[in-house]
Structures are given as structure tokens and as C-alpha cells.
Amino acid sequence: MLAVAHRTPVSAAGCRALADLGVGAFEADVQLIRGELVVSHFLPVLPGPHRDGRGRPGLHRDGWRLSRTARAEPLAALLDRVPAPARVLVDLKTETPAAAAAVAAVAAATPGRWYASCKRWDLLPALAAAGVPTWRSVATRRALAAVLRAPADARPVTVRHTYLDRDTVTRLRAVTPEVVAWTVNDVRRAAQLADLGVTGLTSDDPRVHAYAAGRPP
């Protein structure tokens, strides 16, 4: 079973520790900001860079939370700390053709190191054409119903774990061979999902990573 780290650690040592537990993919929220692909969970309140004109952290939002942060790094820099053969899972938050094309260009320069997921599924073929394995991100029940109505698309899916029961996983596995559940931070729930037949678990908890990889924590 694929173990996915929900957030890529900020240090190479942190990534190595998770890789040693069996993590095979490290997720990163990716945005295209002023033509640059950056890794950041935070969205600028106003269009522009993560820092203001004086080099200070800019104002950002994460849902209803506001903060001043400069937490952003170029996408390609992740490979400096994610150990091979583990891959980086790009969770594309800027859902535009330009952003998808930019990710495809980075992936073409470093093949074999990437996955990509997105809630806007029409962007995924361009990434797949660049050799990037792609997952349809399923964050709503409406999206889940759409997957189940479209058996011709066998692209793997990554699904909010609260939507998954035995019948749903069975129906999904009839559409696609890969079903990754997110975000699972309880080992008992991880075991339930494994019994249901999911093929991957995304988590913040190293104990779940170890369980998914079949290794004792």
C-alpha cells in the first residue's frame, strides 16, 4: 500500500525519516504565483509575491485564518530533500492550464519523481502526456458521484476518507485499480480502510505511514 506524507517536511532529515518508515510520496500544495511555481499552503490575500515590497512577509490566508508569512519555495527545490525513489505529489491549487503546463515542464526535466492531483480533472491529461502519473482529487460527494458515473476514465483517485465505505470502495475499484484515502490520522481507521480495499493512505501521522507500508512504527 502506498504511504503518502500529507505535508512534505521542511528538512531533508525529516523526509528521510519518513522515507525510512516506507513513505513513497510526499505531498505539496503548489501554486503558480507571478509565473513561478511555489510550494505553499497559504494563498496571498492580494495578487503578488509572498513578501511585500520591503521584503517583509506578506499577508496570506488559509481558509478563515490570516497570517503574515513568506513560506514559499520553488517546486523543483523539493527534490533536494525528498530522497529517491520517493516521489513528490503535486496537489495543484492554482487550477489553470498555465499552472498545469508549468508543472509538466518541471516534471519533464526530472522524470520519474512526480505524481500530480487536482480537483479540476480536465487539467490532468496534459500532465499525463508529460509522463506524470495523475490522480483525480475527490473532495466532494458530487465529485465522487461523477467518478462512479465515468467508468471509462481509469485514472486513479484520491478520496476524502470519510466518504469511503465497503460498497463505495468496491465500486471505485471497479472503475480504477487505485484508490488513495486522505487524510487518515488514526491507525484504527487506516486498518478499516485497508480492509475495505484502498490502495494508499495519506496521513500526517508516522504511525499510519508505517502501517500503510507494512512496517512497524
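Overview. Of the contacts (heavy atoms within 4.5 Å) in the protein chain with a separation of 6 or more, 45% join residues 24 or more positions apart. The model is predicted: local features need pLDDT of at least 70, side-chain atom pairs count only at pLDDT 80 or more, and totals for chains, interfaces and linings use all residues. Numbering starts from 1 along each chain as its sequence is written, and side-chain values use heavy atoms, with hydrogens and water left out. The protein chain has seven helices and 13 strands. These are DSSP runs numbered from the N terminus: helices are H or I with at least four residues, strands are E with at least two. Buried residues make up 48% of the 217 residues. Buried means under 20% relative accessible area, exposed means over 50%, and partly exposed lies in between (1.4 Å probe, protein chains only).

**Close-up 1. Helices α4 and α5 pack at an angle of about 50°.** Helix α4 spans residues 141-149 and helix α5 spans residues 166-175. Their axes are 9 Å apart. The angle makes α4 oblique to α5. Axes are lines fitted to C-alpha atoms, for helices over the stretch in contact, and angles run from 0 to 180 degrees between N-to-C directions. Angles under 35 degrees count as roughly parallel, over 145 as roughly antiparallel, 65 to 115 as roughly perpendicular, and the rest as oblique. The crossing is left-handed: the near helix is turned anticlockwise from the far one by less than a right angle (clockwise would be right-handed). From α4, Leu144, Val147 and Leu148 meet Thr168, Arg171, Leu172 and Val175 of α5. By class, this contact has five nonpolar residues, one polar and one charged. Nonpolar covers Ala, Val, Leu, Ile, Met, Phe, Trp, Tyr, Cys and Pro; charged covers Asp, Glu, Lys and Arg; the others, Gly among them, are polar.

**Close-up 2. Tyr115 and Trp135 form a tilted aromatic pair.** Rings of Phe, Tyr and Trp (its six-membered ring) pair if their centres lie within 6.5 Å; planes under 30 degrees apart are stacked, over 60 edge-to-face, and the rest tilted. The count by this rule is one aromatic pair. The ring centres of Tyr115 and Trp135 are 4.9 Å apart and the planes stand at 35°, so the pair is tilted. Tyr115 belongs to strand β9 (residues 114-118) and Trp135 to strand β10 (residues 134-138), so the pair ties together parts 20 residues apart in sequence. Both Tyr115 and Trp135 are buried.

**Close-up 3. His6 is buried in the loop between β1 and α1.** Its relative accessible area is 16%. Leaving aside neighbours within four places in sequence, His6 contacts Glu27, Thr183, Thr202, Ser203 and Asp204. His6 and Thr183 are 177 residues apart in sequence but 7.2 Å apart in space, C-alpha to C-alpha.

**Close-up 4. Val10 is exposed.** Val10 lies in the loop between β1 (2-5) and α1 (12-21). Its relative accessibility is 78%. Val10 and Val82 are 72 residues apart in sequence and 9.9 Å apart in space, C-alpha to C-alpha.
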